[in-house]
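Visitor: I would like to learn how to read a model like this one. Please take me through it feature by feature.

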Amino acid sequence: MNTWGCGEDGSLGLGGTANSHVPARVRALDGLRVRSVACGSRHTVAVTSGGDLFTWGWGIYGQLGHGDRMRLSTRRAVLALARVRIERVACGRSHTVACSGEGRLYAWGCDEAGQLGIGPAAEGGGGGAEGSSGRGLIAKYTAIPRAAP
């Protein structure tokens, strides 16, 4: 996989914060078959063909899914979803959403405008969240079963 553009906060996954004006190989993903990629304003998410999820970049709102607010300049697996086969992923400015092969939707990161879909109880850690850490800043996960055909 190659990335280029603004490297601020490690969002390119190249191991630093430098910008790249030409495509540069993300060596941290060597050996992995990346199926899809999504980008927020300063974070990146990759899904492998095996359904594993990796994130890097700016994580101040928990949008990387590691339960902390760290910035990462290279990939890290989202361990909270290690037993879930992820099929699709999308990012907003400071949140991330992933859909599993079983049709469950997982969302984490900033919930300041309700973008996680958890509901008003999210600030207190409820509202249907699995593994909510409170205050809309640390990783939150919701699960929504796939609708019957």
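Guide: A polar contact is a pair of N or O atoms within 3.5 Å; within protein, one must be able to donate a hydrogen and the other to accept it.

Visitor: Where does Ser-11 lie, and is Ser-11 buried or exposed?

Guide: Ser-11 belongs to the loop between β1 (2-5) and β2 (20-25). Buried means under 20% relative accessible area. Ser-11 has 9%, so it is buried.

Visitor: Which residues is Ser-11 in contact with, leaving aside its neighbours within four places in sequence?

Guide: The list is Cys-6, Arg-42, His-43, Thr-44, Trp-56 and Gly-57.

Visitor: The loop between β1 and β2 also holds Asp-9. What should I look for in its phi?

Guide: Most residues other than glycine have a negative phi. Asp-9 has a positive value, near 65°, and is not a glycine. With a relative accessible area of 9%, Asp-9 is buried.

Visitor: Now the strands. How many helices and strands are there in the protein?

Guide: There are 0 helices and 11 strands.

Visitor: What is the order of the strands in the open sheet?

Guide: The order is β3-β4-β5-β6, 4 strands with antiparallel pairing. The edges are taken by β3 (34-39) and β6 (72-77); each has a single partner strand, so one side of each has no neighbour in the sheet. On average, neighbouring strands of this sheet are turned by 20° against each other, direction ignored.

Visitor: How many bridges hold β3 and β4 together?

Guide: β3 and β4 pair over 5 bridges, in the antiparallel sense. In one of these, Ala-38 has Val-45 of β4 as its bridge partner.

Visitor: How many bridges join β4 to β5?

Guide: Strand β4 (residues 43-48) and strand β5 (residues 53-57) are joined by 5 bridges and run antiparallel. Ala-46 has Phe-54 of β5 as its bridge partner, and Val-47 has Leu-53 of β5. β4 and β5 also form a hairpin, with 4 residues between them. In that turn, Gly-51 has a positive phi of about 90°.

Visitor: Which way do the side chains of a strand point?

Guide: In a regular strand they alternate between the two faces of the sheet. In β4, His-43, Val-45 and Val-47 point one way, while Thr-44, Ala-46 and Thr-48 point the other way. Both sets are buried, and β4 is mostly covered, with 6 of its 6 residues buried.

Visitor: And β5: which of its residues point one way and which the other?

Guide: Leu-53, Thr-55 and Gly-57 point one way from β5, and Phe-54 and Trp-56 the other way. Because 5 of the 5 residues of β5 are buried, β5 is largely enclosed by the rest of the structure. On to its other pairing: 3 bridges join β5 to β6, and these strands run antiparallel. There, Phe-54 has Ala-77 of β6 as its bridge partner.

Visitor: Let us turn to Asp-111. Where is its place?

Guide: Asp-111 is in the loop between β9 (105-109) and β10 (129-130). At 7% relative accessibility, Asp-111 counts as buried. A polar atom of its side chain lies 3.3 Å from the backbone nitrogen of Gln-115. Asp-111 and Ser-94, 17 residues apart in sequence, are 8.7 Å apart in space from C-alpha to C-alpha.

Visitor: What can be said of the protein as a whole?

Guide: Of its 149 residues, 41% are buried. The protein exposes about 7600 Å², and carbon and sulfur atoms supply 51% of this area. Among contacts between residues at least 6 apart in sequence, 41% join residues at least 24 apart.

Visitor: What pLDDT does the protein average?

Guide: The average is 83, and 79% of the residues score at least 70. Over residues 121-140, however, the pLDDT is below 50. That stretch has 56 contacts in the model beyond near neighbours in sequence. Where pLDDT is low, the predicted coordinates should not be read in detail.

Technical notes
Residues are numbered from 1 along each chain as its sequence is written. This is a predicted model: local features need pLDDT of at least 70, side-chain atom pairs count only at pLDDT 80 or more; totals for chains, interfaces and linings use all residues. Side-chain values use heavy atoms; hydrogens and water are left out. Helices (H or I, at least four residues) and strands (E, at least two) are DSSP runs, numbered from the N terminus. Buried means under 20% relative accessible area, exposed over 50%, partly exposed in between (1.4 Å probe, protein chains only). Contact means heavy atoms within 4.5 Å. Two strands pair if DSSP finds at least two bridges between them. Axes are lines fitted to C-alpha atoms, for helices over the stretch in contact, and angles run from 0 to 180 degrees between N-to-C directions. Accessible areas come from the Shrake-Rupley method with a 1.4 Å probe; for residues, only the protein chains shown count as cover. pLDDT is the predictor's confidence in each residue, from 0 to 100.
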